[in-house]
Amino acid sequence: ENEFGNPLTWERLDNRKISRIAVYTDGSILDDTAKLEEIKQWTINNLLNFKRVFPKYINEILKNTVQP
């Protein structure tokens, strides 16, 4: 979270082989144009943060995973 810059939510998906790491903000498709633009910029910034932060951790996990 420190490196990412926003609080992250770990969502364990029981009965599935996956989990989710997410970041959320308040908003609605019914918000006014200015608020929707703010949400759009927030989304873009957070997508870029995911792209910047997570690959090194994912690559490390993959490197240390035993291949069959």
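## Order of the elements

Starting at the N terminus, the elements of the chain follow the order β-β-α. The radius of gyration is 16 Å, well over the 11 Å that the globule rule gives for 68 residues, so the chain is more spread out than a compact globule. Keep in mind as you look around that this is a predicted model.

Counting the elements gives one helix and two strands. Along its principal axes, the C-alpha trace of the chain spans about 50 × 30 × 20 Å.

How much of the chain is made up of buried residues? Of the 68 residues, 15% are buried, where buried means under 20% relative accessible area. The chain exposes about 6100 Å², and 56% of that area comes from carbon and sulfur atoms.

Now think about which parts of the sequence touch. Among contacts with a separation of 6 or more, 35% are between residues 24 or more positions apart.

## Charges

The chain carries 10 positive and 10 negative side chains. The centres of these two sets lie 11 Å apart.

## Aromatic rings

How many aromatic pairs does a search of the whole structure find? It finds three. When you describe a pair of aromatic rings, you use the distance of the centres and the angle of the planes.

Definitions and conventions
Residues numbered from 1 in each chain as written. Predicted model: local features only at pLDDT ≥ 70, side-chain atom pairs only at ≥ 80, totals over all residues. Heavy atoms only, no water. Helix = DSSP H or I, 4+ residues; strand = E, 2+ residues; numbered from the N terminus. Rg over C-alpha atoms; globule rule 2.2 N^0.38 Å. Buried < 20%, exposed > 50% of the residue type's maximum accessible area, 1.4 Å probe, protein only. Contact = heavy atoms within 4.5 Å. Areas by Shrake-Rupley, 256 points an atom, 1.4 Å probe, with all protein chains shown as cover. Lys, Arg positive; Asp, Glu negative; His and termini not counted. Charge placed at Lys NZ, Arg CZ, Asp CG, Glu CD. Phe/Tyr/Trp six-rings, centres within 6.5 Å; stacked < 30°, edge-to-face > 60°.
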